[in-house]
Amino acid sequence: MATRLNPGLADELEAYGAEDVSKCFNCGNCSALCVHSEARHVIPRRSMHALQLGAEDKLQGSLEPWLCYYCGECSEQCPKGAEPAETMMSMRRWLTSKYDFTGISRLFYRSWKWELLIIVLAAIATGIGFTLFGMSQGSINNYDGPNAFLPSAKIHVFDWAMAGLLVFLLGMNVARMWRFFTKAGDVRASLSSYLVSLPALPVHFFAQPKYRECDRKRPWAVHLALMLSYVTMLVLVMFFLGELASGPEIDWRVHVFGYLASAGLIGAVLLNLRGRLRRDSPQHTHSHESDWIFLILLLVVATTGVLQHVLHRSGLDAAANVTYVIHLMGVVPMLVLEVPFGKWAHMAYRPLAVYLARVQLHAEAAAAAEAKGAQPLALP
Amino acid sequence: MSARKIGVYVCQCGGNIGDYVDVDRVVEAASKEPGVAVAKTAMFTCSDSTQQEIVADAREQGLDGLVVASCSPKLHTYTFRDVARRADINPFQYTQVNVREQCSWTHTDDHEGATEKALRLVRAGINRTRLTEPLESIVVETTPQSLVVGGGIAGLRAALGLAQIGLSVFLVEKEDRLGGWVSEFKEMYPHGRNGGELVTQLESAVRAHPDITVFTSAELIAKSGSFGNYQATIAIQGERLETIQVQVGSIVVATGFDTYQPADGEFGYGQDGVITIAEFKKLVEASSGPLEYNGRPVKTVAYVYCVGSRQPQYEEGANTYCSRYCCNAATHASLQVNALPGRVHQYHFYRDMRTYGSFELLYAESLEKGSAYVKYPDEEPPTIEKDPQSGRLTVTARDLLSEGEELALDADLVVLVTGMVPRENQGLTKALKLPVGQSGFFNEIHPKLRPVETVVDGVYIAGCCQAPRNSSESVQSGLAAVSQSAAILKRGFAELDPLVATVDLDVCEWCGACQDTCPYDAISQDQHAGKEVAVIAKTACKGCGGCVPVCPVGAIDLQGYTDAQIRSMIDGMLGVGV
C-alpha cells in the first residue's frame with residue numbers, strides 16, 4: 001500500500017516551530033552523528049525526509065521523534081542549516097496535538113495567545129472557586145486545624161479527582177498514539193511481547209537512560225533532577241498532604257523530601273530559564289512560546305508552594321492561605337491543561353515510545369523465530 | 001645488404017612492455033636486420049631525453065628511416081613524426097610498431113610468446129620502413145569563405161564569429177526565420193536574461209554584418225569539391241524553388257535538436273493534465289497570476305525526470321544518453337513557479353539530479369523554496385494514473401531515500417521532463433557524408449582533443465546536433481568551430497597527409513571499378529596518352545585504400561602502404577628472409 005502524500009504537511013509543521021526543513025538535502029550526516037540512530041530507527045533523517053515529502057500517516061505513526069532527546073548535535077553539524085533537532089522538537093509538538101482527541105493541544109501549539117488566555121481563565125476560575133470554597137469551609141486566618149480555610153482532607157479529595165481526570169485524558173491520548181503506531185507500522189504484537197517489554201516503562205519514565213546516552217550529559221542531569229523532584233512532590237501531595245500541611249512543627253520524615261524536591265524544581269527551572277534566555281546550548285537556541293509558558297508556570301507553582309509553607313510556619317496564616325490559592329491557580333492549569341495537552345505530555349509519550357519500540361522488536365524477533373521453526377527440516 | 005640507415009627504438013614503457021617482452025632480445029635481433037644502423041631501448045621513448053637521443057643519433061649516423069616500437073599509433077604518431085622532422089628524417093619514412101596494446105598487454109601470461117611476437121612486429125616495421133620513399137604533405141589553397149548550416153543560437157554566433165575574423169559567411173536556415181529554439185524562450189538560467197531578446201540582438205548583428213549572407217527557407221542539398229574548396233549547393237524555397245552554388249573553405253553544421261515527444265500513454269502522456277517540460281515552460285511563462293491549467297487551479301505539480309533520456313539499453317532504439325539540460329530546466333521552471341503568486345507544492349521524481357557546475361544553485365534554491373525530491377529506482381520509473389471518476393491524477397513511485405517506500409501523490413499537473421533527440425536530417429547527413437553516432441547525433445573525431453571536427457575535413461559540428469547541451473555550451477562549440485575554420489582558412493592554405501592512392505596511368509585501362517567503390521568521390525575519369533584513365537583528386541582522397549584491391553590490373557597503389565610494403569611486412573612477420 002503506497003503512502004499517500006500530504007503536500008501541505010511541511011507548511012503545517014511550521015506552525016509547530018519547524019523551520020528550514022526544506023533546506024535538507026538528505027545527506028544523512030545527522031543520523032551518522034546521532035547516538036540513537038540505528039538501522040531500525042534512522043534518527044533524525046528519516047523523519048526529516050518524511051516531513052519534506054509530506055508522508056503524514058507514516059510520520060503520525062512514527063516513534064522516532066520521541067526517541068530523540070534534543071542534544072542538538074545534528075543541528076550543529078548540519079551542512080545546510082536545516083535544524084533537524086528543532087524539527088524533531090516541532091514534530092513532537094505536532095504529534096502531541098495529533099494524539100490529543102480534544103483538539104486543545106492543537107489550539108495551544110498553534111497559538112500561544114489562546115494557550116495563555118485559557119491558562120489565565122482556568123487560573124482565575126480556580127482562584128474564584130477556591131476562594132469561595134475556602135470561605136464556606138473556615139477562616140482565612142486559619143491555615144490548618146479544624147477551622148482551616150482550605151482543609152487538606154478536602155483538597156486531597158480534589159487532588160484525586162483531578163488526577164483521575166488527568167489519567168483519563170492522558171490515557172485516551174496514549175491509546176491513540178498506540179493505534180497510530182500499530183496502524184502505520186502494521187505492527188502485530190502478541191500479549192507476551194507487550195508483557196515482556198513492560199519493565200522498560202518505569203525505567204525510562206524515571207531515569208531516561210537513553211537521554212543519558214547523548215554525548216552531552218548535563219541536560220540529562222538537569223532533567224533528571226527536575227523529573228525526580230516533580231515526582232517526589234507529586235507523591236507527597238497525593239499521599240502525604242496532611243503531614244505536609246500540618247504545622248507549625250516540621251515533620252522531617254516528610255518535609256525533608258519536600259525541601260529537596262522544591263530545591264530541585266526551582267533550581268532546574270531557573271537553570272533552564274537562564275539557558276533559554278542566553279541560548280547557551282543547542283536545545284535552548286530555539287524557544288517556542290509553549291516552552292516559556294511551561295517554565296514560568298512551573299516556577300510560579302514551585303515558588304508559591306514554598307512561600308505558603310514559609311508563611312504558614314511563620315504564623316502568617318492569612319498570607320499563607322492567599323499564597324495557597326495562588327499556588328492552586330498555578331497547579332490546576334498546569335495539571336489539567338499542560339499535562340495532557342502541552343509539553344508535560346511527553347512524560348507519558350517518551351517512555352511509551354521506548355516501550356513500544358521494544359514491543360515491536362520483540363514481536364518481530366518472535367515472528368522470525370516462528371518462521372524459522374516452521375520451515376521443514378532440510379534433508380542432508 | 002641494404003643501403004638504408006634505419007634507427008630502431010624499442011620502448012619499455014616503464015614496465016608496461018619491459019615486464020613482459022624481453023626488450024634486449026628484440027633490440028639485438030633488430031640490430032641484425034639489414035639496413036638497421038642503430039637499435040636501442042629506452043624506458044620511455046616518448047620522453048624528451050629519448051627524443052633528443054633519437055635526433056642526435058640521426059644526425060650522427062645520417063639516419064634516413066625511423067622505427068619506434070612502443071604503443072598504439074593513435075597515441076604518438078604525431079609525436080614521432082615531429083621527432084623525425086627534427087632529425088632531418090622525412091616524417092613519412094617513420095613507422096610506428098605497436099608492441100604494447102597489441103603485444104605486451106595482451107600476452108601478460110606468456111613472456112616468451114610476447115617476445116617472439118614483438119620480434120616479428122618490429123621486423124615487419126623495419127621491412128616497411130626500408131621501402132619508404134620521402135613524401136611531402138599535400139598543400140591545398142583554401143577559399144576564405146564559410147558556410148554555416150542552421151540559424152539557431154550556435155549557428156548565429158558562429159556566423160558572426162567567422163565574419164568577425166574576416167571570412168565571408170553564408171548562413172543557411174531551413175525555417176523561414178532565424179533564432180531556433182532559444183528565440184522561443186523567455187527567462188533563461190542562470191542569468192535570468194530573456195532568450196528571445198538575446199537571439200534578436202544576435203540576429204540583428206548577423207543581418208547587419210556586410211560579410212554575412214543569410215538564406216532562410218533554405219537547405220544545403222549537395223557538396224562537391226575537396227577539402228578547402230567545397231562547392232555547396234543550396235536550395236532556396238522562395239516563390240519558386242531555386243538553387244545556388246557557393247564556394248566555401250569550411251562548413252559549420254549547427255542544425256540543433258528536437259524535443260523528445262513521449263508516445264501516447266508513456267508516463268500517462270496524452271491525458272489531460274500530463275504535459276512536457278516544454279509545454280509547461282510556456283504555461284508558466286504565460287501566467288501572471290496563480291498557476292492554472294485548462295482553467296483549473298494548480299496546487300500540486302509532479303515533475304517526472306529522465307523521460308526519453310537514459311532509457312535502458314535493451315530497449316529497441318533507446319535513447320541511452322543523458323540529455324544534460326533537463327535537470328537544470330526543470331529546477332529552473334520550479335523556481336519560476338515559486339515566483340508566481342500562490343503556494344504550489346512541487347514534487348520532483350528523479351533518477352539522479354545532474355544540476356552540474358553552478359546549476360547546483362538552482363537545485364539548492366528550489367529545495368529551499370520547498371520543492372520535494374523523490375529518487376526513484378532506475379528500473380522502476382513512476383507510474384501515472386488517472387481516476388476515471390474523479391479525474392484525479394496520481395503519481396506512484398518508490399523513493400530510494402525512504403528505503404524504497406512506495407509513495408502516492410495526487411497531482412493537479414504532471415510535467416514530463418523530456419530530453420533532446422537528434423533532428424531528422426537525412427538529406428544533410430547524406431550530402432555531407434556526416435558520421436552519425438549510435439544515439440543519432442553527429443560524431444566528432446575525438447571528444448577531448450578534436451571536439452568539433454568531423455572525419456570530413458573542413459566540416460565542423462556545433463551545438464545540439466552533436467549532443468544535448470544548453471545554449472551557452474552550444475555557443476561555445478560554435479565558437480570552437482570558428483577557430484577551427486580560422487586554422488585552415490586564415491593561412492590561405494592547408495596541409496594534408498600524402499598517404500593517398502596513386503594511379504599508374506600507363507597501366508590503368510579505365511573500367512570504373514575504383515570510382516564506384518570510392519566513398520569520397522575522389523576518383524574521376526580523364527584522358528592520358530590517348531586513352532581513358534582514372535585520376536585521383538589528392539585533396540579528396542582519404543587514403544582508405546578501398547580502390548586498391550578492386551583494380552583488376554593492379555594500377556593503384558596507396559602511398560605509405562604500397563603493395564610492396566605490405567608484402568614485405570607479411571614476410572617480416574612470417575620470418576621469411578628479405
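Reader: What makes you say that chain B is in contact with chain A, and how many residues does that involve?

Author: This is a predicted model, so the reasoning rests on computed distances. Two residues are in contact if their C-beta atoms lie within 7 Å. By that cut-off, 16 residues of chain B are in contact with 16 residues of chain A.

Reader: Which elements of chain B give two or more residues to that side?

Author: They are helix H10 (360–368), strand E19 (372–375) and strand E22 (405–411) of chain B. The largest share, five residues, comes from E22(B). Sorted by class, the side of chain B that touches chain A has seven nonpolar, five polar and four charged residues.

Reader: How do you know that strand E1 of chain A pairs with E22(B)?

Author: Pairing takes at least two bridges. Two bridges join E1 (residues 3–4) of chain A to E22(B), so the pair meets that mark, and the strands run parallel. As for who faces whom, A:Thr3 stands opposite B:Leu407 in E22(B).

Reader: How does the span of H9(B) from its first C-alpha to its last compare with what's expected?

Author: H9(B), residues 326–339, reaches 20 Å, close to the 20 Å expected at 1.5 Å a residue.

Reader: Why are strand E8 and strand E25 of chain B said to stand at the edges?

Author: The order of this open sheet of five strands is E8-E7-E6-E12-E25 (chain B), with parallel pairing. E8 (212–215) and E25 (459–461) each have a single partner strand, so one side of each is left without a neighbour in the sheet. From one strand to the next, the twist averages 20°.

Reader: How do you know that strand E6 and strand E12 of chain B pair?

Author: The mark is at least two bridges. Four bridges join E6 (residues 145–149) to E12 (residues 250–253) of chain B, so they pair, and they run parallel. There, B:Leu147 stands opposite B:Ile251 in E12(B). Helix H12 (residues 471–489) of chain B packs on the sheet, touching E6, E12 and E25 of chain B. The direction of H12 makes about 170° with that of E12(B).

Reader: What makes strand E9 and strand E10 of chain B a pair, and do they run parallel or antiparallel?

Author: Eight bridges join E9 (residues 218–226) to E10 (residues 229–237) of chain B, and the two run antiparallel. B:Glu219 stands opposite B:Ala235 in E10(B). Their hairpin has two residues between the strands, and B:Gly228 takes a positive phi near 90°.

Reader: Which domains does chain A have, and where do they touch?

Author: The domain assignment gives domain 1 (9–99) and domain 2 (104–363). Their C-alpha centres lie 27 Å apart, and 27 residues of domain 1 are in contact with 30 residues of domain 2. On the domain 1 side, helix H4 (56–60), helix H5 (73–77) and helix H6 (84–99) of chain A give two or more residues. The largest share of that side, seven residues, comes from H6(A).

Terms used:
Residues numbered from 1 in each chain as written. Chains lettered and ligands numbered in written order. Predicted model: local features only at pLDDT ≥ 70, side-chain atom pairs only at ≥ 80, totals over all residues. Nonpolar A, V, L, I, M, F, W, Y, C, P; charged D, E, K, R; others polar. Expected span 1.5 Å × (residues − 1). Axes fitted to C-alpha atoms, helices over the stretch in contact; angles between N-to-C directions. Domains from an automatic or database assignment.
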